[in-house]
Structure formats: C-alpha cells, structure tokens
Amino acid sequence: MRQMKIGRRTGVGLVIAVCAIALATPAAFASHAATTRTQTSSASSTAMVVAGYEIFNDYFCVSCHTLNAGGSAAYGRLGMNFDMIHAPYAAAVATVTNGLPAALPLYPTQMVGFGKVLTTTQIDDVATFIAAYSGGYTACVPCQGVTFTGFPDSSATT
Ligand code: HEC
C-alpha cells in the first residue's frame, strides 16, 4: 500500500516537472529573441518591415491574427492576438515555416505552415515585421499608405 502511494507521488512530481519545463521554454525563447530583435533594427529593416506587412495581408495571416500594425484587415480571431502577445523573430520564423498544431482550448485550429508557399526572404520579412510590432499596440508608420497587390503577392517576383 505504502509502495503505491510513493509511486503515485513520484508520478505527480514528474508531471509538475514536465509542466515547469513547458512553461519555462517560451520564456527562454523570448529573452533570446529580444536580442535578435535589437540587432535587426538597422536601416534596411524598414524595407523588410513593409514587405512583411504586405505578406501579412496578402497571405491570409490577417484572417487569423489581430495586429494593429497590420492594418484595417488584421482582425482575425482564430490565432493569437499579436497586440497582446509578442512573438520573437526566431519563433516567428519557425512557426511561419513549419506551422503549429492546434492548442486546445486556446486555439481551435492549427497554424498552417508556409514553408512551401513563401520564400525564405518572405518568411524573414514577415517574421521581422511581427517581431517588431507584436506585443504592443504600435502603428506601423512606414506601412501607412502601402497598398496591397493581393494574393499572390507580386513581391515574390521582385
Ligand atoms: C488558419 C489560421 C491561421 C493563419 C492563416 C495564420 N495563422 Fe499564425 N497562428 C494560428 C494559430 C491558431 C496559432 C497558435 C497555434 C498554437 O499555439 O498551437 C498561430 C501562431 C502563430 C505564431 C506563433 C506565435 C508565438 O509566439 O508562438 C506566429 C508568429 C504566427 N502565427 C504568424 C502567422 C503569419 C505570419 C501568418 C501568415 C503568413 C499566419 N500566422 C497565418 C493561426 C493562423
């Protein structure tokens, strides 16, 4: 009887440890990418941000994600609200490339992977845009007045 009790307690301990790791991982990711974000904010990143803004609109990101900086169409609710959550550059590149399975009950649908749809440059651009503007309610000043070409994004050929 006593033996069983210990076994059960160890099991609970293990579950707690796994949960702790799961909770700690995104935090580690976030602090790492905060450095990446500062490094990318050079002069050339304005062009990347604007290109990322266009991709965000042209490739349906806006249909699932809310982001003030994403413009008037960016009020999707299936995915996370980027005004509330900061997505670091590295996490954005990985997610946009490979996607993520649905995380019920928070997200009823999966995040589709765009690794075979977007070029690596486009993924880099959209990740730069998200890393720069998510997690706040900042407007994207250089994006204002930019018109979309619509899907498929013509910037893919330029
Ligand atoms: C079909 C709806 C849908 C579309 C379209 C979509 N997403 Fe998502 N996205 C989601 C969902 C749902 C999640 C959360 C998945 C999870 O956590 O399990 C997510 C997660 C993310 C994350 C991860 C953020 C983090 O901090 O972990 C990023 C970045 C992201 N999406 C960017 C994009 C971009 C860029 C596009 C367009 C190229 C896009 N999404 C298109 C639904 C979508």
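This is a predicted model: local features need pLDDT of at least 70, side-chain atom pairs count only at pLDDT 80 or more; totals for chains, interfaces and linings use all residues.
Of its 158 residues, 27% are buried.

Let's look at how two of the helices meet. The axes of α2 and α5 lie 7 Å apart, and the helices pack at an angle of about 100°. Angles from 65 to 115 degrees count as roughly perpendicular, so α2 is roughly perpendicular to α5. On the α2 side, the contact is made by Ser45, Met48, Val49, Ala51, Gly52, Tyr53, Ile55 and Phe56. From α5 come Gln122, Asp124, Asp125, Val126, Thr128, Phe129 and Ala132. Sorted by class, this contact of α2 with α5 has nine nonpolar, four polar and two charged residues. When you look at helices like these, one general rule is handy: an α-helix has 3.6 residues a turn, so residues three or four places apart point the same way.

Now turn to α4, which covers residues 89–98. Which of its residues are buried? They are Tyr89, Ala91, Ala92, Val93 and Val96. Just after α4 comes Gly99, with a positive phi of about 80°.

The ligand is the next stop on our tour. Around the ligand stand 27 residues, and the closest are Cys61, Cys64, Gly79, Ala103 and Met111. Three helices each supply at least two residues of this shell: α3 (61–64), α4 (89–98) and α5 (120–133). Which helix gives the most to the shell? That is α4, with four residues. By class, the shell has 22 nonpolar residues, five polar ones and no charged ones.

The loops deserve a visit too. Between α2 (45–58) and α3 you will find Phe60. The phi of Phe60 is near 70°, a positive value in a residue other than glycine.

Leu78 has 13 other C-beta atoms within 10 Å, so Leu78 is partly exposed. Leaving aside neighbours within four places in sequence, Leu78 is in contact with Cys64, Tyr107, Pro108 and Thr109. Leu78 and Gln110 are 32 residues apart along the chain, and their C-alpha atoms are separated by 8.8 Å.

One of those partners, Thr109, belongs to the loop between α4 and α5. Because Thr109 has 12 other C-beta atoms within 10 Å, Thr109 is exposed. Not counting residues up to four places away in sequence, Thr109 touches Leu78 and Ala102. The C-alpha atoms of Thr109 and Cys64 are 9.5 Å apart, while in sequence these residues are 45 apart. The loop between α4 and α5 also contains Pro105. Where Leu104 joins Pro105, the peptide bond is cis, with omega near 5°.

Note on methods: Residues are numbered from 1 along each chain as its sequence is written. A residue is near a molecule or strand if its C-beta atom, placed from the backbone, lies within 6 Å of it. Ala, Val, Leu, Ile, Met, Phe, Trp, Tyr, Cys and Pro count as nonpolar, Asp, Glu, Lys and Arg as charged, and the others, Gly among them, as polar. A residue is buried if 20 or more other C-beta atoms lie within 10 Å of its own, exposed if 12 or fewer, and partly exposed in between; C-beta atoms are placed from the backbone. Two residues are in contact if their C-beta atoms, placed from the backbone, lie within 7 Å. Axes are lines fitted to C-alpha atoms, for helices over the stretch in contact, and angles run from 0 to 180 degrees between N-to-C directions. Angles under 35 degrees count as roughly parallel, over 145 as roughly antiparallel, 65 to 115 as roughly perpendicular and the rest as oblique.
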